[in-house]
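User: I have a model open and want to learn how to read its features. Can you take me through them one at a time?

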Amino acid sequence: NSRDQLLLKMETKFYKGLEKYVLSKPDYEKKDADQEPVCYSCGEAYSLTGEAGPCIMHLDFYIVKVPSRHMGLVMGQGGKTIDKIQRESGAKLPDVQKFSSRQDTVMQIQGGPSEVGRAESMIQKILQFKARMEEGQWRCCKLPGAKAMGCVTRQQHVRDMFYLDNSLVVPTIDMDRPGKVYALDCKTCTTARGKELARVTLLDFTGSICYESLVQPSFTIGDFRTDYTGITSAILQEVTTTIKDVQADLLKLISAKDIVICHSHTLSSGESLRVLHLEHKNVVDTSHVFPHRDGPSKKSHISFLAKQFLRRNIQDKTEEFDSKEDALAVLDLMKEKTKY
C-alpha cells in the first residue's frame, strides 16, 4: 500500500546516506582469550576448567591525593600522560575535567590490586622530584595500599574482556529484498570468561522495537553490572534463552546487506555484534562517526553524544532503566548526521 511504499522510500534514502559511514567487518580473532585468565577485581589467576571463585575484592575505587598544583603533570598535554597511565597500568581513571581548588585533588583509580598498584606507582614516579604523595586507600573499607586484602567476597572471578568463542560465530546471510537499517544495543554481564550477552534490543529505522530479549550467559555471573545494564539476579532468574536462540532469531531478521548501527565503548569496532557472535560486514559505529576530541585512544560515551547532539538525557539513574534508549540514541544520531 501507499504507506508501505512511503516507508520503503524513506528507509532507502536513509540507507544510502549511511553507506559512507560503514566500517569493514569486525575482526573476530581471539585476543588473549587462550591465556591464563586473571581476575580484574582481585588480581588472582584462575582456571576455567575448575571452580573460578571465590573472588575477594574491593567494592569501590582506590583513592590517591595529588597536589593540585601538580595535576598538570599527571594529566599531560591534551591528557596524553593520564592516557598512558591507563594504557600501561590497565587501570581506569575517570576524566578529571577541572582541578580541585583545594590543596589536593582526589583521583579515583579503578581496577584490581595489580592495575591500581601500577597506576599509583606511575603517578608517584611523575611527582617524585616535585612533591611527596601519600599512599592511597580503598574508598570502600579505608584500608591503605593497593595490595590491601579485599573487603567483599564475590561468588565468581571476572575477566575484563569480551568473551568470544569462534565456534559460535555465524555470518548473516543475504535475503532477497532491499537493504534495511537497524539500530542495535547489547548489554553484558561479566563472568569468569569475560563479558557475555545478557540483553539485546534491535530497532527498525523508525525506532520501533522489532526484537528484544534477555539472555542467560552460559557461565555463572560474577558481576551483573547493574549500574550500566539495569540487569539484576532477579531479572535473569527465570530466563532460559541462550545466545544461540538469539542468533537464530536475528538471522531471520538481519540480511547481510542490511546496515546495523551500534556504539562501541571500547577500542573494538562493532562491539555489539561481537557480543552476539554475529559476523556482519555493514556496520556503522557511532563511536567512530563521532570521535572523541582527545583522539582514537578514547571513546565518547553514548549519553554524552546524546546530550551534545540530540539535547537528550539518557541513562538517567533516577529513572527506571530502559534498554531501548541507547539503541534509539545511536539511530537518531545517524539521522542527525545524515540530515535524514
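User: In the hairpin of β8 and β9, which residue takes a positive phi?

Analyst: Note at the outset that this is a predicted model. Now the general idea. Most residues other than glycine have a negative phi, and most peptide bonds are trans. Here the residue is G207, with phi near 95 degrees. The hairpin has 5 residues between its strands. Strand β8 covers residues 194–203, and strand β9 covers residues 209–214. They pair in the antiparallel sense over 5 bridges. Within that pairing, L202 stands opposite Y211.

User: Where is R225 placed, and what is its phi?

Analyst: R225 is in the loop between β10 (221–223) and α5 (226–229). Its phi is positive, near 50 degrees, and R225 is not a glycine. H277 is another non-glycine residue to check, with a positive phi of about 60 degrees. Look for H277 in the loop that runs between α8 (271–276) and β12 (278–279).

User: Now sheets. In what order do the 3 strands of the open sheet come?

Analyst: Strands of a sheet pair through backbone hydrogen bonds, either parallel or antiparallel. In this sheet the order is β3-β2-β4, and the pairing is antiparallel. The edges are β3 (104–109) and β4 (137–138). Each has a single partner strand, so one side of each lacks a neighbour in the sheet. Helix α4 (residues 113–127) packs on the sheet and touches β2, β3 and β4. The direction of α4 makes about 5 degrees with that of β2.

User: How many bridges join β2 to β4?

Analyst: There are 2 bridges, and the two strands run antiparallel. For a residue-level landmark, find I63, which stands opposite Q137 in β4.

User: How many aromatic pairs does the structure hold?

Analyst: It holds 2. One to inspect is Y62 with W138. Their ring centres are 5.1 Å apart and their planes lie at 65 degrees, so this pair is edge-to-face. The link spans distant parts of the chain: Y62 belongs to strand β2 and W138 to strand β4, 76 residues apart.

User: How many cavities of 30 Å³ or more does a search of the whole structure find?

Analyst: The search finds 1. A cavity differs from a pocket in that a 1.4 Å probe fits inside but cannot get out. About 50 Å³ of space lies in the largest cavity.

User: Which residues line the largest cavity, and which elements give two or more of them?

Analyst: The lining consists of L184, D185, C262, H263, H265, S272, I302, D326 and V330. Two or more residues come from each of β7 (181–191) and α11 (324–337). By class, this lining has 4 nonpolar, 3 polar and 2 charged residues.

Technical notes
Residues are numbered from 1 along each chain as its sequence is written. This is a predicted model: local features need pLDDT of at least 70, side-chain atom pairs count only at pLDDT 80 or more; totals for chains, interfaces and linings use all residues. Side-chain values use heavy atoms; hydrogens and water are left out. Two strands pair if DSSP finds at least two bridges between them. Helices (H or I, at least four residues) and strands (E, at least two) are DSSP runs, numbered from the N terminus. Contact means heavy atoms within 4.5 Å. Axes are lines fitted to C-alpha atoms, for helices over the stretch in contact, and angles run from 0 to 180 degrees between N-to-C directions. Rings of Phe, Tyr and Trp (its six-membered ring) pair if their centres lie within 6.5 Å; planes under 30 degrees apart count as stacked, over 60 as edge-to-face and the rest as tilted. On a 1 Å grid over the protein atoms alone, a cavity is a set of points where a 1.4 Å probe fits but cannot get out, and a pocket is an open set with protein on both sides within 12 Å along at least five of seven lines; lining residues have an atom within 4 Å of a point. Grid points are joined across faces, edges and corners, and a volume is the space filled by probe spheres set on the points. Ala, Val, Leu, Ile, Met, Phe, Trp, Tyr, Cys and Pro count as nonpolar, Asp, Glu, Lys and Arg as charged, and the others, Gly among them, as polar.
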